[in-house]
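Biologist: I would like to learn how to read salt bridges and pockets from a set of coordinates. Could we work through one case?

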Amino acid sequence: MSRVIDNEVYLQGTLLELVELDVISNVAEWSLNMPKVRHHTLLFFVKTRGQLQIEQDEVHILGGRTLILLLPGENAETLNLSGNDSSLIYKLEFDLFRIAENTSIRKVYDRELSFPKRGLLQVDLLVFQRKMQLLASAYGSSSVREHLRQQYVYELLEMILKDQPELPTVPKDADASLQLTIQYMQDAYHMDIHLDKLAGIAGMHPAYYSQRFKQKMNKTPIEFLTQVRMNKAKEMLLLSTPKIRDVAGLVGYRDEFYFSRRFKESSGYAPTQYSYERISNIVSLSYPYTDHLLTLGIIPSAAQFYHESQISQVSKSLRLPFHATDAWEISRQAFLDAEPSLIVCKENVVLKAREHIGDIAPIISIPWTTLDVFDHLEEIGQLVGRRHKAKEWIQLHTYKAEQARKRIRKTFGSPTLAICRMTNKGLRLYGARNVGHIFYRSLQLTPPSRIAREMNKHREGTRFNWLAVTPEEMSQYESDYIIFLYPAGQDAAKLRQQMTTDPVWLSYPSIRQGRYFFLQWEEWMVYAPQSIEQLLNQAVSLLTGTND
């Protein structure tokens, strides 16, 4: 006999047995082929792309975080999985048992083969990942008792069974109340959202809430929600080739045909045609990615520029924060005026971007530290339909770097070289990113051995950027030459005088022998194709003593 159990009390009276937890980091070499799933199986994909075939349905894994639950008896197979150094897959298997007989003499439990939810799941995936990490730590520790591991699994299941995200506390300020509803729509766009619910979050009468929202955002709440959903759908279509019904469900539409009509009204294209259309009016929220677009022959309609010389007559320069921690003070109107079809940014600013302009255009974040400059160029090239241009630039740069290395070896040899940036907070020794790319990758000079060991822990040009050191510790990073990068506003002559009279610095052989260079950091900091090409020529002139 089937039992209907409310989600909120579904886990009451159940026993849970944790069967196995695997954490897979080598995504490319892992696959799943289960003709018949034996246990309840949670698959949590982090920064992984591909597909999962469940029975006759195909679920797309889109590169961010994807959570899927398989039930006992289902068939499942992974297809075309790919990822990078930060990709992870958590595979959690467990069994549930529900009490079937409870008398004074005995208790009998039956194994539960169903679950209220299955397939692709919608939860707060960032919080879910943190809880999964906690479970993984406890699972690998012999000091953690089994009931605590089970408690962590129960918490994960409770998150899955929760139908709606918690409604935030309503602040007294009207604008802050409106902002709460904007954040709620950004987080819960895939759910059933009505005007009454939004007004309730804001603590306002629906008619008054709708009026205040339109005054603030120049569109009704439902128009805003629709645009958020359409932009989320565009992001999925740009990053993969999912089925339209899957996209519709992921952005909150049960009827794929209704979704397709709304999508065409919003974009002018059917969902099946959208990814094949050439994107115009691209906005860049990152000056390195602006450089990438220009390298690919694309002039953004608006962008953050580092050099004024890059600004085109058809581009609007955006006053954006240089760091994710800086305040976001630019107005929405600047983006509305640009009429973007696509917004690109680093992953560290994507949350701010979605909060402020998530309804204006699809926002694609390109990972920064886990990819190198060549990866960035190819990712953006793929996104805008110019990957061939990216490959051409990489091939040409490789040739230019090879010619530059030949010149360097003739006059400069193959010495070891340390790259030291002088900041208000102390000294930083760089690896093969930023300015280090030019000297360590393009010119293939040798870093100090301890820096080389740090670089070798990661794929070339990724993750490791710099180490903080003190002048006293510099002797541990001895090299034949040192490049000092100092901030604008400091006097290089004074720095040289201080260094050549300081006993600590004079204990370093390259300082005593005058084998060092001073460069301004601001001129050498941009980690992007056009800047690298220009700086490569300057590096050759610097090390060969020429003025080419």
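Predicted model: local features only at pLDDT ≥ 70, side-chain atom pairs only at ≥ 80, totals over all residues.

Biologist: How many salt bridges does the structure hold?

Modeller: A salt bridge is read from the distance between a side-chain nitrogen of Lys or Arg and a carboxyl oxygen of Asp or Glu, with a cut-off of 4 Å. The structure holds 16 of them.

Biologist: Which parts of the chain does the pair Arg111 and Asp95 link?

Modeller: Arg111 and Asp95 form a salt bridge with an N to O distance of 2.9 Å. Arg111 lies in strand 7 and Asp95 in strand 6, 16 residues apart, so the pair links distant parts of the chain. Asp95 is buried at 7% relative accessibility, whereas Arg111 is partly exposed at 36%.

Biologist: And what separates Glu265 and Arg262 in helix 8?

Modeller: About one helical turn, because the two residues are three apart in that helix. Their side chains meet in a salt bridge at 3.3 Å, N to O. Glu265 is exposed, at 60%, and Arg262 is partly exposed, at 25%.

Biologist: What is the volume of the second largest pocket, and which residues are closest to its centre?

Modeller: The volume is about 960 Å³. Of its 31 lining residues, Leu120, Gln122, His190, Gly249 and Leu250 are the closest to the centre. Helix 7 gives the most to the lining, four residues. By class, the lining has 12 nonpolar, seven polar and 12 charged residues.

Biologist: How many disulfides are there?

Modeller: A disulfide needs two cysteine sulfur atoms within 2.5 Å. The count here is zero.

Note on methods:
Residues numbered from 1 in each chain as written. Heavy atoms only, no water. 1 Å grid on protein atoms, 1.4 Å probe; cavity = no way out; pocket = protein on both sides within 12 Å on 5 of 7 lines; lining within 4 Å. Points joined across faces, edges and corners; volume = space filled by probe spheres on them. Nonpolar A, V, L, I, M, F, W, Y, C, P; charged D, E, K, R; others polar. Buried < 20%, exposed > 50% of the residue type's maximum accessible area, 1.4 Å probe, protein only.
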